[in-house]
Structures are given as C-alpha cells and as structure tokens.
Amino acid sequence: MEDFLRACHTTIKESGAEELAGKMCLAHVSLLQRSNPDNDKHHLTIEHLFGVLLHTGDMRPLKVLANEFGFDLVAKTAPA
C-alpha cells in the first residue's frame with residue numbers, strides 16, 4: 001500500500017500539481033495533502049485517482065497497484 005500511495009503522490013507532484021488540480025476542480029494544496037502518504041489524514045478517493053490517471057496519462061499508480069496484487073499492467077495495442 002505504501003508504494004501505491006507514494007506512486008500517486010509522486011505522479012501528482014511530477015505532473016504539476018497546480019495545473020492538474022485545476023483540471024480536477026480542486027485546490028492544488030488540497031490535492032497534495034490528500035495524496036501525501038506522510039499526512040495521517042490523507043484521503044485520496046477513487047475519483048481522485050481516476051482524475052490523476054486521466055489528466056496525466058501516467059499509469060505508475062495503476063501499475064504499482066496491479067503489482068501489489070500480483071498482476072502486470074500491459075497496455076492494449078490498437079488493432080491495425
């Protein structure tokens with residue numbers, strides 16, 4: 001779980017939290033606090049995760065989550 005939470009937070013920080021938060025209709029400070037695994041009161045919802053994945057295109061959090069359950073995340077290739 002720790003790796004997943006860190007992947008979420010890292011993705012948000014590296015993607016530009018302020019711009020990302022705007023796309024998600026959140027204050028950037030709120031998004032950073034919600035995703036910070038070192039904040040005891042963090043609370044990143046599935047809707048937040050979806051927004052992060054959608055707006056960043058960075059699938060690191062999803063890859064880490066899949067790995068935690070013994071799966072590999074492999075992107076589909078579009079048929080020719």
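Helices here are DSSP runs of H or I with at least four residues, numbered from the N terminus. This is a predicted model, where local features need pLDDT of at least 70 and side-chain atom pairs count only at pLDDT 80 or more, while totals for chains, interfaces and linings use all residues. Residues are numbered from 1 along each chain as its sequence is written, and side-chain values use heavy atoms, with hydrogens and water left out.

**How H1 and H3 pack**

- Helix H1 (residues 2-14) packs against helix H3 (residues 28-35) at an angle of about 160°, and their axes are 9 Å apart. Axes are lines fitted to C-alpha atoms over the stretch in contact, and angles run from 0 to 180 degrees between N-to-C directions.
- That makes H1 and H3 roughly antiparallel (the label for angles over 145 degrees).
- H1 goes past H3 in a left-handed crossing, meaning the near helix is turned anticlockwise from the far one by less than a right angle.
- On the H1 side the contact uses Leu5, His9, Ile12 and Lys13, and on the H3 side Leu31, Leu32 and Ser35; contact means heavy atoms within 4.5 Å.
- Sorted by type, the residues of this contact are 4 nonpolar, 2 polar and 1 charged. Nonpolar covers Ala, Val, Leu, Ile, Met, Phe, Trp, Tyr, Cys and Pro, charged covers Asp, Glu, Lys and Arg, and the others, Gly among them, are polar.

**Salt bridges**

- Searching the whole structure turns up 5 salt bridges, each a side-chain nitrogen of Lys or Arg within 4 Å of a carboxyl oxygen of Asp or Glu.
- One of them pairs Arg6 with Asp38, with the closest N and O atoms 2.6 Å apart. This pair ties together distant parts of the chain, 32 residues apart: Arg6 sits in H1, and Asp38 in the loop between H3 and helix H4 (46-56).
- Arg6 is partly exposed at 33% relative accessibility, whereas Asp38 is exposed at 55%. The cut-offs are under 20% relative accessible area for buried, over 50% for exposed and in between for partly exposed (1.4 Å probe, protein chains only).
- Lys23 and Glu19 form another salt bridge, at 3.5 Å from N to O. They're 4 residues apart in helix H2 (residues 17-23), so about one helical turn separates them. Lys23 is partly exposed at 44%, and Glu19 is exposed at 55%.
- Arg60 and Asp58 also bridge, at 2.7 Å from N to O. Here Arg60 is partly exposed at 31%, but Asp58 is buried at 18%.
- Shared partners link Glu2, Arg6 and Asp38 into one salt-bridge network.

Technical notes
Helices (H or I, at least four residues) and strands (E, at least two) are DSSP runs, numbered from the N terminus. Angles under 35 degrees count as roughly parallel, over 145 as roughly antiparallel, 65 to 115 as roughly perpendicular and the rest as oblique.
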